[in-house]
Amino acid sequence: GGGGSTPTNPTPPPNTGGPVTNGCSAIGQTAGFGAAIVNGAECPSGNSPVVLLNMRTRDGFPSGACTGTIITPRVILTAAHCLDGEVGIVRVWLGSGAEIVAESFEWHTGYTPNNTTHLDVGIVRMSEDLPRTPVPLLLSRDARVGESAIVAGWGRDLNSVGATLRAGTTTISAVAQ
């Protein structure tokens, strides 16, 4: 069995209408310099619940990388398209130290590979608790147009060098089923 968490209603960050550097603080970090992401800032990975997922084929060959968010002590939320195809192994990197091999992974039963517009959601399960505070999911209501949302992820910089954690905010412009 995995760990669990009690869903809460997160308080949305203020919508300031301009570049925001509090995206890092929303994921438990302090903003750094070099904001190459639109409305975002480079964040230290320290205690972040936003992790880097390194996918491998069953033979151990690299097959991509994606961002994931720890939502319970043993479950990471990510996109289904990150887990389809030739993926046989998922390794989790917390921003330092060794990668941790996931116990299992799966995507939403309604997801169709190569269709990232419908039910593109997957989970990665770990055999042990991860040393990070999970981010609660908003389950009590739908997001609302005009609310702010935190966007965070691991990506390469403008020179395609290194994996860097960046975060920022965006305003929700539409909500649909």
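Begin by selecting R91 and E99, whose side chains meet in a salt bridge with an N to O distance of 2.5 Å. The model on display is a predicted one. Colour the two residues by accessibility: R91 counts as partly exposed at 26% relative accessibility, and E99 is likewise partly exposed, with a relative accessible area of 28%.

Next, select D129 and R74. These residues form a salt bridge in which the closest N and O atoms are 2.8 Å apart. D129 is found in the loop between β8 (122–125) and β9 (148–155), and R74 in the loop between β3 (62–72) and β4 (75–78), so the pair ties together parts that are 55 residues apart in sequence. D129 has a relative accessible area of 46% and is partly exposed; R74, at 23% relative accessibility, also counts as partly exposed.

Finally, select E42 and R166. Their side chains meet in a salt bridge at 3.8 Å, N to O. Show the strands as well: E42 sits in strand β1 (residues 40–42) and R166 in strand β10 (residues 164–171), and the pair links distant parts of the chain, 124 residues apart.

E42 is partly exposed, with a relative accessible area of 31%.

How values were computed. Residues are numbered from 1 along each chain as its sequence is written. This is a predicted model: local features need pLDDT of at least 70, side-chain atom pairs count only at pLDDT 80 or more; totals for chains, interfaces and linings use all residues. Side-chain values use heavy atoms; hydrogens and water are left out. A salt bridge is a side-chain nitrogen of Lys or Arg within 4 Å of a carboxyl oxygen of Asp or Glu. Helices (H or I, at least four residues) and strands (E, at least two) are DSSP runs, numbered from the N terminus. Buried means under 20% relative accessible area, exposed over 50%, partly exposed in between (1.4 Å probe, protein chains only).
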